Amino acid sequence: MKEEEVNRCQIQEWYPRFKSDSIKTVIHELPESFVEYLSDDHGPFLLPLSIDDDDALPNRIHKPEEEEDFEVTEGSEDESERPSPPPSFPELETKIKESIKALGGSVFPKLNWSAPKDAAWISSTGNLCCNSFSEVALLLRASDSLIHDLCHVYDSCSDKTVSRPPKFFLALRKWYSSLRPEMEFRCFVRNGILVGVSQREVTGFYPALLEKKDELLTAIQGFFNYKVKGNFESESYTFDIYVTNDERVKLLDFNPWGAFTLSLLFTWEELEDKLKEEGNCLEFRIVEGQCGVRPGLKTAVPYDYLDTRPDVQRRRAP
């Protein structure tokens, strides 16, 4: 995998080209001071000081009697024990508030590549829905997975020359409360050929998928052939999609082939071997029953411990 292949999968790179077939998104370049705030895993967990008290979340329990303990005279040796003041990013906050309003009042955030899915537990709703700058900052600051974007995204590149991209971006994507997790799929493209499609939410069994597999496969194949193929420069990559109730396909994301991208109901070895098969090599896999459900972020079980022989629905494309 090359650095350029990873860079193509940044949302600010692909979204302008595919915006008509994706979820409405507003993208902001992040100031370096905010990137440093997100990267600081040694300092106290402080939320930015909000310019709007109605949007602010409590930074810490405030007790005046405790504050007195930190009142020291200038030059005291206890000066270093003063609590750190909360950071403030007023210009970024204003832009984010305007974008949230333009997107209908609720959004979910992501950086260049990743969303803070592992931090959903810390929000009041238990998901990535944000209605304010403070809620966006809370999810981003609490996420461990975003450290991948900040520090390790090029670690698997054979031509690695840098440890991080020169700029970071925040993508605010319109929140839809009616989206169904079972209708999200990951598509695997090898050497320009669609070789596999996997159910994205592997932590649940959804019987409706068994009934709609033929229609889903047809819609996904058509979307790849007419919308994605030839419009994304990499030869090998993955892309995530959502299929609506009327079988329209919406593009959610691009990811590199292999490395940190999860292969879900496949193994990378299986996907590599698809092109060696005679005829149509496309295979569509979904969880076939409760015994095929895989643990994931919701159960906090390491992916390495998962069974490599999932009970899945395997279907050849016609």
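Ala 259 lies in the loop between strand S7 (249-256) and helix H9 (268-273), where helices (H or I, at least four residues) and strands (E, at least two) are DSSP runs numbered from the N terminus. Ala 259 has a positive phi of about 55° although it is not a glycine, and with a relative accessible area of 45% it is partly exposed, a term for values between buried (under 20% relative accessible area) and exposed (over 50%), taken with a 1.4 Å probe on protein chains only.

This is a predicted model, in which local features need pLDDT of at least 70 and side-chain atom pairs count only at pLDDT 80 or more, while totals for chains, interfaces and linings use all residues. Residues are numbered from 1 along each chain as its sequence is written, and side-chain values use heavy atoms, with hydrogens and water left out.

## The loop between S4 and S5

Asn 191 is found in the loop that joins strand S4 (184-190) and strand S5 (193-199). Its phi is near 55°, a positive value in a residue other than glycine, and Asn 191 is partly exposed, with a relative accessible area of 45%.

## Helix H2 and its partners

Within helix H2 (residues 11-18), the residues Ile 11, Gln 12, Trp 14, Tyr 15 and Phe 18 are buried. The buried residues of H2 pack against several elements, including helix H1 (3-8), strand S1 (25-29) and helix H8 (207-228), contact here meaning heavy atoms within 4.5 Å.

## Cysteines

Counting a disulfide as a pair of cysteine sulfur atoms within 2.5 Å, the total comes to 0 disulfides. Cys 187 is buried, at 0% relative accessibility, whereas Cys 151 is partly exposed, with a relative accessible area of 31%.
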